[in-house]
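Hello,

Please find below the structure I said I would pass on. My notes on it follow.

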Amino acid sequence: MSTDTTHSNQQPTIGVDAALLERYSAVQTETDQLIVYDERDDDAWIQSDDWIDALTMA
């Protein structure tokens, strides 16, 4: 029995095998929306008007 709740297709988010997030960037628009995008793939982006800065979570 395992207590690991990570889906088998999901990249690890912590530890030595964690997925690197360096290829992702974010831009805040004039209307306070946040666009997070993949610098290597023009079609890979997420836009949201509801977000929290990660630095405030630390």
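This is a predicted model: local features need pLDDT of at least 70, side-chain atom pairs count only at pLDDT 80 or more; totals for chains, interfaces and linings use all residues.

Leaving aside residues up to four places away in sequence, Ser25 touches Ile35, Val36, Tyr37 and Glu39. Ser25 belongs to strand β1, which covers residues 24-28. Its relative accessible area is 19%, and because the cut-off for buried is under 20%, Ser25 counts as buried.

Val36, one of the residues that Ser25 touches, sits in strand β2, residues 34-38. Its relative accessibility is 34%, so Val36 counts as partly exposed. Val36 is also part of a nonpolar patch on the surface, together with Tyr24 and Ile46. The accessible area of these three residues together is about 280 Å².

As for the protein overall, it has 3 strands and 0 helices, and the order along the sequence is β-β-β. The protein has 58 residues, of which 5% count as buried.

One last item concerns contacts along the chain. Among contacts in the protein with a separation of 6 or more, 0% are between residues 24 or more positions apart.

Regards

Note on methods: Residues are numbered from 1 along each chain as its sequence is written. Side-chain values use heavy atoms; hydrogens and water are left out. Helices (H or I, at least four residues) and strands (E, at least two) are DSSP runs, numbered from the N terminus. Buried means under 20% relative accessible area, exposed over 50%, partly exposed in between (1.4 Å probe, protein chains only). Contact means heavy atoms within 4.5 Å. Patches are made of residues with over 30% relative accessible area and no salt bridge: like charges are joined within 9 Å, nonpolar side chains (Val, Leu, Ile, Met, Phe, Trp, Tyr) within 5 Å. Accessible areas come from the Shrake-Rupley method with a 1.4 Å probe; for residues, only the protein chains shown count as cover. A salt bridge is a side-chain nitrogen of Lys or Arg within 4 Å of a carboxyl oxygen of Asp or Glu.
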